[in-house]
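Visitor: I'd like to learn how to read side-chain contacts in a model. Can you walk me through them?

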Amino acid sequence: MAWYQSITLLEILFGILFFGLYMGYLLRVRKVAAFFRQRPHGVWFKFILRHLYLVLLIIAMLGPSFGAMKKEIKTIGKDLYIAVDLSRSMNATDVQPSRLEKAKHEIQRLIGRFNSDRIGLMIFSDEAYIQSPLTYDQNALRLYTQTLRTSLLPHSGTDYAPLLQLASEKLQQKRTPESGEQKARILVLISDGEDFGGKVEQLAQRLHEQNIRVYTLGIGTTAGSRIPQGRTYKKDRHGEFVYTRLNPEPLVQLAELTGGQYFEVNDRVSEVSKLIHAINNIEGEMRESKTIDVTANKYIYPLVLALSLILLDVLITVKLIRI
């Protein structure tokens with residue numbers, strides 16, 4: 001037999017208090033009976049009855065468990081990589097406090113909503129790197145997210161090709177007859193859409209063939225803003241301020257080519273909730289199936305017996321002193 005709860009100091013104190021008060025009651029009854037020169041035989045029946053249903057109530061509270069049975073447990077989940085653009089344009093402030101800071105905030109939301117899935121973190125500009133491998137450790141992911149800044153990578157433009165190549169390598173799976181078609185590999189790409197690379201369509205087609213969906217999250221505004229650089233703003237070779245604007249077209253195209261969807265975060269709305277809903281609708285793959293022994297909480301039996309004894313205590317009247 002197992003117990004769902006362990007006995008605590010509260011139950012012990014309650015039992016001691018009940019026993020102490022009842023002993024005081026017994027001594028008083030005995031004193032009154034002695035005054036009338038009688039022996040209170042009936043009080044012992046009530047004493048045993050009341051202590052019996054008190055013990056039964058405590059047993060019911062502790063939850064006796066027995067009757068082991070076999071139960072199959074299945075773990076369902078997804079593999080999800082979040083890729084963050086760390087090019088200098090992500091420092092733009094058309095989305096407050098900046099595109100990157102807003103992206104970090106939304107990543108924290110994503111991590112919290114997929115606690116049963118393995119999540120990894122990628123960073124990229126014209127090159128792509130793994131910041132955190134796939135893991136269930138949400139605290140580690142949040143810590144990695146907080147450390148993101150554009151100075152982590154060299155800046156010579158933005159290119160989605162290295163990122164898609166890396167995602168293809170990290171999310172590829174060996175198909176077995178038992179696993180069948182996998183539907184649980186996802187890449188969430190967060191960027192302002194400024195892609196200066198090539199070969200994106202070819203790599204997107206490869207991801208589609210591997211059944212890896214890309215959900216893109218465009219961050220910024222079409223009006224755009226200047227790019228902070230030190231105490232001033234970035235300028236071009238002619239001394240003019242450089243403006244960066246959200247370019248959703250390549251992000252929309254990439255999502256469509258891989259069977260994903262495009263969402264947007266700007267200065268007015270955030271579609272991250274829609275992104276979370278779309279990912280939740282994807283069927284997860286079975287990660288693990290195992291059989292465990294489970295026991296049922298049988299608290300109801302001592303509880304019903306205790307209530308029956310309480311009712312019996314109320315109905316039965318014992319005369320302690322006969323005059």
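Visitor: How many aromatic pairs does the count come to?

Guide: The model is predicted. The count comes to 2 aromatic pairs. Take phenylalanine 124 and tyrosine 160. Their ring centres are 5.9 Å apart and their planes meet at 70°, so this pair is edge-to-face.

Visitor: What are the distance and angle for tyrosine 233 and phenylalanine 241?

Guide: The centres lie 6.1 Å apart, with 90° between the planes. This aromatic pair is edge-to-face. Now check accessibility. Tyrosine 233 is partly exposed at 30% relative accessible area. Phenylalanine 241 is partly exposed too, at 32%.

Visitor: Where does the charged end of arginine 226 sit?

Guide: Over the ring of tyrosine 233, 4.1 Å from its centre. Arginine 226 also lies over the face of phenylalanine 241, at 4.9 Å from the ring centre.

Visitor: How many salt bridges does the count come to?

Guide: Start with the idea. Side chains of opposite charge can pair when their charged atoms come close. Here the count comes to 7 salt bridges. Glutamate 101 bridges to lysine 104, with the closest N and O atoms 3.2 Å apart. These two residues are 3 apart in helix 3 (residues 99-113), so about one helical turn separates them.

Visitor: Is lysine 104 buried or exposed?

Guide: Lysine 104 counts as buried because its relative accessibility is 11%, and the cut-off is under 20%. Glutamate 101 is partly exposed, at 36%.

Visitor: Which residues form salt bridges with glutamate 106?

Guide: Lysine 102 is one of them, with closest N and O atoms 3.5 Å apart. Arginine 109 is another, at 3.1 Å. Lysine 102 is 4 residues from glutamate 106 in helix 3. Arginine 109 is 3 residues from glutamate 106, also in helix 3. Glutamate 106 is buried at 2%. Lysine 102 is partly exposed at 21%, and arginine 109 is partly exposed at 30%.

Visitor: What joins serine 191 and aspartate 85?

Guide: A polar contact of 2.9 Å between their side chains. Serine 191 is in strand 6 (residues 185-191). At 0% relative accessibility, serine 191 is buried.

Visitor: Which residues form a nonpolar patch on the surface?

Guide: Ile7, Leu9, Ile12, Leu13 and Ile16. Together they have about 500 Å² of accessible area. Leucine 13 lies in helix 1 (residues 9-35).

Technical notes
Residues numbered from 1 in each chain as written. Predicted model: local features only at pLDDT ≥ 70, side-chain atom pairs only at ≥ 80, totals over all residues. Heavy atoms only, no water. Phe/Tyr/Trp six-rings, centres within 6.5 Å; stacked < 30°, edge-to-face > 60°. Buried < 20%, exposed > 50% of the residue type's maximum accessible area, 1.4 Å probe, protein only. Lys NZ or Arg CZ within 6 Å of the ring centre and 35° of its normal. Patch = residues over 30% accessible without salt bridge, like charges linked within 9 Å, V, L, I, M, F, W, Y side chains within 5 Å. Areas by Shrake-Rupley, 256 points an atom, 1.4 Å probe, with all protein chains shown as cover. Salt bridge = Lys/Arg side-chain N within 4 Å of Asp/Glu carboxyl O. Polar contact = N/O pair within 3.5 Å; in protein donor to acceptor, adjacent residues only side chain to side chain.
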